[in-house]
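Here is a walk through one protein chain, from the overall layout down to a few individual side chains. Keep the model open as you read.

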Amino acid sequence: MFAVLKLRHGSPLPASGGTPMSKHATEVEAVFGLYQAAVTPDRWHDALSSIMPLVGADSFHFLGWNKTKFETDFNLFSNPEFVTQGEKYSAYYGGIDPRRQFAETIPVGELFLCQNLFSEAYVARSEFYQDFLLPSGHRYMMGTKTLSNSNHETALAVLRNADRPSAFSEADIATGQRLMAHVSKACQLWAHTESLRLGTHLSRASAFALIGLDSFRRIVHLNPAAEALLKRRDCLAQQNGFLAALLPDNASTLRVAIKRVMDTGCAVNLAISGLRSGLDSCMLRIARLERPSEFGLLLSSADVMITAQMRDAPVNLTPRILHETFGLTKAEAAVAIAMAEGRTPEEHATRTGLGMPTVRTQLRSVFEKTQTHRQAELVRLLLQMPST
């Protein structure tokens, strides 16, 4: 489990017109990124990086531990140079780290703050802080255990640089509590959907259209969802073996985006329009594949993977996955699925025979458990979920 993590950077295209997003909108985007990473693990680095400025942190360490094999599943650092520090930590300093006894015993999702446990006087005489952590450039840590089951544990720590004048603020902590809760739920989703990422099964079972391109933009792989998408001849099509957008403006944008991904290795998010489906009706994620890819021989000749989803695609969410990921009850899951399928609360009430006060109460509970604030945010989040 969790063996497919790769250190890869992503760089989404800026919002239309280059308008800066509000802090709330930026946080919403970060949350969406976490759930995308749960289904596509090579996005974890990008997703966790997007959290750093929101919580006043400078770096992160994402760790997975295999309980049955007594070995590390993965060590994902925000900066490659942290690997050397990780080796020092494993060799000696991990054994004298005073934070471990607290971090290992906290419940999943509970926030851990070293600033609440260790005074400046303690730090001044601590071998761990003086000989390891401070020289490595770090001082304060905020973290949580993000997953714990019979086989695996995962944990995330975000750190502030030693040159920061103060500890995490109350605003940082409040934001951290919201985001860490989503990290925990995303890790649960990651564990539940592991089988969907294995070889050919991933490609065939995916609800997303998966399109593999070689270095010349030629199509070398289409899963069934992608074949159906191209047959619609609405947004995308196969032309002489190449992938093309059908609207002229989109065709140029798509070519530029693919070239950018090939040249830089940075993933791109893109929305294109359709002849019949309208403005921004198809959502694309374009990423360069590393060799060998997790798809093995199936995509051995592909250099770029495009993940596509139509906004009007059927929603195949199940109450089980919503319960396991967010803790929704059966009734709450039914409301959430209805919203994802485009129905209004009033329509859901009519179909189920429930009163509007009951539906509104259920919808408020769904917002609270998914930590979304509006119906549009909820629907966008649910559309990132796999259909299992």
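Helices (H or I, at least four residues) and strands (E, at least two) are DSSP runs here, numbered from the N terminus. This is a predicted model, where local features need pLDDT of at least 70 and side-chain atom pairs count only at pLDDT 80 or more, while totals for chains, interfaces and linings use all residues. Residues are numbered from 1 along each chain as its sequence is written, and side-chain values use heavy atoms, with hydrogens and water left out.

On that basis, the protein chain has 15 helices and twelve strands. Of its 388 residues, 49% are buried, with buried meaning under 20% relative accessible area, exposed over 50% and partly exposed in between (1.4 Å probe, protein chains only). Contact means heavy atoms within 4.5 Å; among contacts with a separation of 6 or more, 62% are made by residues 24 or more positions apart.

Now for the interior. A nonpolar core is a set of buried Ala, Val, Leu, Ile, Met, Phe, Trp, Tyr and Cys residues joined through side-chain atoms within 4.5 Å. The largest one has 70 residues, and Trp44, Phe62, Val158 and Leu322 have the most contacts inside it. A second, separate core holds 27 residues, including Leu213, Leu229, Cys235 and Val261. In soluble globular proteins, nonpolar side chains tend to be buried together.

Next, the rings. Rings of Phe, Tyr and Trp (its six-membered ring) pair if their centres lie within 6.5 Å; planes under 30 degrees apart count as stacked, over 60 as edge-to-face and the rest as tilted. There are twelve aromatic pairs in the structure. Take Trp44 and Trp190, a tilted pair at 5.0 Å centre to centre with 40° between the planes. Trp44 belongs to helix 2 (residues 44–49) and Trp190 to helix 7 (residues 170–192), so this pair ties together parts 146 residues apart in sequence. Both Trp44 and Trp190 are buried.

Tyr93 and Phe132 make a stacked pair, because their ring centres are 4.9 Å apart and their planes lie at 20°. This pair also links distant parts of the chain, 39 residues apart: Tyr93 is in the loop between helix 3 (82–91) and helix 4 (100–103), Phe132 in helix 6 (residues 127–133). Tyr93 and Phe132 are both buried.

What about the arginines? Arg99 lies in the loop between helix 3 and helix 4, and it counts as buried because its relative accessibility is 7%. Beyond its neighbours within four places in sequence, Arg99 is in contact with Tyr89, Phe112, Cys114, Phe118, Phe128, Tyr129, Leu133, Met141 and Leu159. Two other arginines have their charged ends over rings: Arg139 over Tyr140, 4.0 Å from the ring centre, and Arg160 over Phe168, at 5.3 Å. For that label, NZ of Lys or CZ of Arg must be within 6 Å of the ring centre and within 35 degrees of the ring normal.

Finally, a look at the backbone. Most residues other than glycine have a negative phi, and most peptide bonds are trans. Arg217 has a positive phi of about 70°; Arg217 is in the loop between strand 6 (209–213) and strand 7 (219–222). Asp280 has a positive phi of about 50° and is found in strand 11 (residues 278–288). At 32% relative accessibility, Asp280 counts as partly exposed.
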